[in-house]
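Hi,

Here is the structure I said I would pass on.

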Amino acid sequence: MGIRFDYPWLLLLVLPLLYFFFQTVRTPFQRGKLRGTLSLTLRVLIILALIGAAAGAEMVLPVKERSVFYVTDRSESMPRAKAYEDWVRRSAEAKAPRDQVGVIASGLDSAVDRTLQPEPLDAWTFASQVNRMFSNPGSGLQLAGGLLPTEADSRIVLITDGQENAGDLARQAAFLKDRGIRLDVLPVLGSGKPDVAVDSVKVPATLYQAEKYTLEVALTSTLAADGELRVYEDNREISRTSVRVEKGANRFAIQALAASTGLHRYRAEIYFGEDEVSANNSGYAFSRVNGPPQVLIVEGTPGTSANLTSVLNSGLIGQNVIAPEELFRELADYAAYDSLILNNVSATRIPESKMKLIEQAVRDYGMGLVMTGGEESFGMGGYFKTPIEQALPVKMELEGKREIPPLAIILVIDRSGSMSGDKIELAKEAAMRTVELLREKDTLGVLAFDSSKWWVVEPTPLTDKEDVLDRIGSIQPEGGTDIYPAAAEAVSKLSDVSAARKHIILLTDGQSAGGGSYEALAQQMIEKGMTMSTVAVGNDADQQLLKRLAELAQGRYYFSSDQSTIPTIFSRETVLLSRSYIVDKPFTPALGQASDWNRLFQGGVPNVNAYVATTAKDLAEVSLLSPEPDPLLARWQYGSGRTVAWTSDVTGKWAPDWTGWTQFSDTFSQIIKWTFPQFDASPIEMEASTTGAKTELSVSSQAGEPAAGAAITITGDDQSERKLTASPSAPGQFQTELSALTPGTYLTRVEMTDAAGNSLGSSSTGFVVPYSPEYKITVADPTEKLKAIAEMTGGKLLSLDHPEEVFRGPIRAGERSRDLRLALTILALLLWPLDIAVRRLALPWRELAAALGRLRLRSARQAQPAATAAGSAAMERLKRRQEQTRAFYGADGSPGGGSAAPSGPAAQQAPASREQPAAGTPAAAGKPAAPTSPPAASPAADRRSAAHPAAETSSAAAKSPLTQATETAAKPSDPPQKGDSGGGTGDGGDAMSRLLAAKNRRKG
């Protein structure tokens, strides 16, 4: 133990303090010696405490204990935890009682599983959660190094298989060495399961249509086995081959043909019966196939796209015609096409999820979109507030441009228990869209039913749409299903409403529990000018009843296997009821804003007989207009893509002059080509590299004007989307980093911008993220690497057979410091008021000191009682001596003979004569005695005083000073001191001085 100072040079302030001390001691104290001494002492202590605090005083205590953190690799490549949990517990049993142990679990990240504690690890098990898909033991070392105390013998025990794939273990070990922390390593071998893994899949980054190419698949195996290798292009199997693998590396080549243009994903999968690890059985690749542009035509009615295919063929544009139900479920499939045409397709046949994919393909990846008109298109098709409407240059509702007669609609919605979840939420959204499509003068009623009926909104004009929307949102599912009472109630209420067109929409997903005459009810509706459409949701609905009811009530029947189409059904029914969306009168279109398309109509514009009314959006360019004026041909830029709306048809029913026009193919070919992805001449390249858990994207551009920014949009297999802004790394080069991506393929859209934010070009590509490196098969032995890392810090390799080695060897002595600055400062503050009190307060310091002395005397008496046998004997001897002295000197204190004490032989006889003084002597007469020198103490008295000092002190303190002096002078047996006269007067002055001093002390 010792004292250490952070700023020892401040101790030089003690020198002026010493000078002050000696100067003060040499100067007489003005307030008495006692008060001066006490005040000086307090001041010196205060100044010393302040100097010590300023110098950073701290107490240094020796430390002889170990602090050990076990950093355990919990990644997937490690064997089961039980294999080393027991080892950790057994090694901790060898620690000393004061040693502390803790546990840290490490994966991609690290977490403290148990803090440093002196308690053993008997009841400990792994409890913390870490990302086990990667191995980053360096993060565990970093965490342990920050938590280990510096004063103890700090150590780290790393338990790992050495398969590091994230972080930098060697760098963290170097940091531990600099801090004096020892690192021991316990190598743990992997599980050794039979495993065949796909190491890589390679395909040329760029291909041309109809080009033959070789797809290479690299496999690694821990055994020799027979299995199967399958290769997929965009989830379409293109190869299936039986293969045999040998232990170690294997390589296979698959021949394939680039059949279609666009971005394509490739996946290789292996199937081996002996393989026990499935996470590494897939590999991915990505390629772009260049060639003639491809257009996807989605037709609502089979055989109605002949005119479009002729147009595309004349422009040497490839095409593929499908039904709406065949639309793709993955974004990469849309990216293979340059444009998509919706040819008179109802929104009720396209699920919401597929609409979102189309909108995303246009917005982020530059695919074009064209919608043509017809009875099932635009507002008539129910596209109001859909993702498709969001991408188009026109809106579906008519904003007060024509007078539509008042409408009356009642929505009869099943709210039984089977409608819980998404069904009831989509039904409410459908009702809300209907509200938004209607006008204030239109009447709306909402009737919810289960086994009974409940009016959510009584049939009323829509003067307060917000209140109606709030009420619709309050519908909750419960109860059974009874259709007829609800339908009859809706007919009854609608009969009392005055409107030009009256309509009921009935939606249910179940069977009616009750019955009734639906024929009579339908006849009643027809007589009163009403119609009813029915919607069957799911296979459990009574489809026959609903279909028959719609036919009897002259409405439409819908069956929805995908409940996401419910809102579009309601929107379509609302639009159809108005009957004003189709403008059916011939006209000659007028030219609009698109000046570059005006040259297509230099020879004139053919007439149009009918179209679907829409409203152009604010930023749209209208190339052709109707007399209303409504947009007939409109376009705009939507994100990275371009979209076009042609509100008449292409079958010749509504625009026969157009389909018979000699310039029709060339004109429509140019319109469709305008929607193709636009690429600048300056290429944009992107490279992706994956290291551990991180994927780095590098983007470069060779544009003439230097790029100031790069915006990257990434879409995964699960359609999740990320938008990133890359940071510049060099002129024209940008980088960004992503972490912990799910294995698979990712579509990427890169757009370069200048300093003003203007686009300099864009490009669509993709990259691949392989499975976690934890599942890779490695054959290298990491033991030598781990040994070198341990020896760098002074540590060693441990073994599973000797867990006690962790706590073997000498303990490195350390030290623990305790800061004394606060304690010294508090001491100075406490002594300061005492110093002020001693100097400023006029207190009876002498009496206080005397009282303190008495208290100490009383404490001494309590500690050593005066009633002991030795003390009593001493008191008796003192009393006898006092009586002898009084007898010798007399009552007045004078000697018995009135003469000087005898000397020589006569002095030895004096005691006998003093014991019986004669009558008539001066002592008897009361004359004062002449001063005599006190006799010297006898050896016997000295021995008694040495044997009983407390008793002698107590007796002396109990007598008066005069009595003490008299007893001293009256010791007849003491021999005379050297230099004393025979008469005993040599020391008389000294005796009198002592008597006077004793008297003064008594008075004081």
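Below is what turned up, going from the cores to the aromatic pairs and then to some backbone details. Keep in mind that this is a predicted model.

**Cores**

The largest nonpolar core has 114 residues, and Leu340, Tyr383 and Trp658 have the most contacts inside it. If you want a place to start looking, pick Leu340: leaving aside residues up to four places away in sequence, Leu340 touches Leu296, Val298, Leu327, Tyr334, Ile358, Met367, Gly368, Leu369 and Val370. There is also a second, separate core of 27 residues, with Ala490, Ile504, Leu521 and Leu549 among them. As background, nonpolar side chains tend to be buried together in soluble globular proteins.

**Helix H8**

Ile358, one of the residues Leu340 touches, belongs to H8 and is buried there.

**A strand pair**

S29 pairs with strand S27 (residues 582-587) in the antiparallel sense, over four bridges. Within that pairing, Asp584 stands opposite Ala610 in S29.

**Aromatic rings**

Searching the whole structure gives 17 aromatic pairs. One of them is Tyr484 with Tyr518, an edge-to-face pair at 5.3 Å centre to centre with 85° between the planes. This pair links distant parts of the chain, as Tyr484 is in helix H12 (residues 483-495) and Tyr518 is in helix H13 (residues 518-527), 34 residues apart. Are the two buried or partly exposed? Tyr484 counts as partly exposed because its relative accessibility is 21%, while Tyr518 is buried at 7%.

Then there is the pair of Trp646 and Trp658: the ring centres are 4.7 Å apart and the planes are at 55°, so this pair is tilted. Trp646 sits in strand S33 (residues 641-646) and Trp658 in helix H17 (residues 656-659), twelve residues apart. Both Trp646 and Trp658 are buried. They also belong to one aromatic cluster, together with Phe601, Trp661, Phe664 and Phe668.

Two arginines lie over ring faces as well. Arg230 is over Tyr271, at 4.2 Å from the ring centre, and Arg635 is over Trp597, at 4.5 Å from the ring centre.

**Backbone details**

Where is the cis peptide bond? It joins Glu628 and Pro629, with omega about 5°, and Pro629 lies in the loop between strands S31 and S32.

Asn235, at about 65°, lies in the loop between strands S11 and S12 and is partly exposed, with a relative accessible area of 40%. Lys385, at about 60°, is found in the loop between strand S19 and helix H9, and counts as partly exposed at 44% relative accessibility.

Cheers

Key. Residues numbered from 1 in each chain as written. Predicted model: local features only at pLDDT ≥ 70, side-chain atom pairs only at ≥ 80, totals over all residues. Heavy atoms only, no water. Pairing = 2+ DSSP bridges. Helix = DSSP H or I, 4+ residues; strand = E, 2+ residues; numbered from the N terminus. Buried < 20%, exposed > 50% of the residue type's maximum accessible area, 1.4 Å probe, protein only. Core = buried A, V, L, I, M, F, W, Y, C linked by side-chain atoms within 4.5 Å. Contact = heavy atoms within 4.5 Å. Phe/Tyr/Trp six-rings, centres within 6.5 Å; stacked < 30°, edge-to-face > 60°. Lys NZ or Arg CZ within 6 Å of the ring centre and 35° of its normal.
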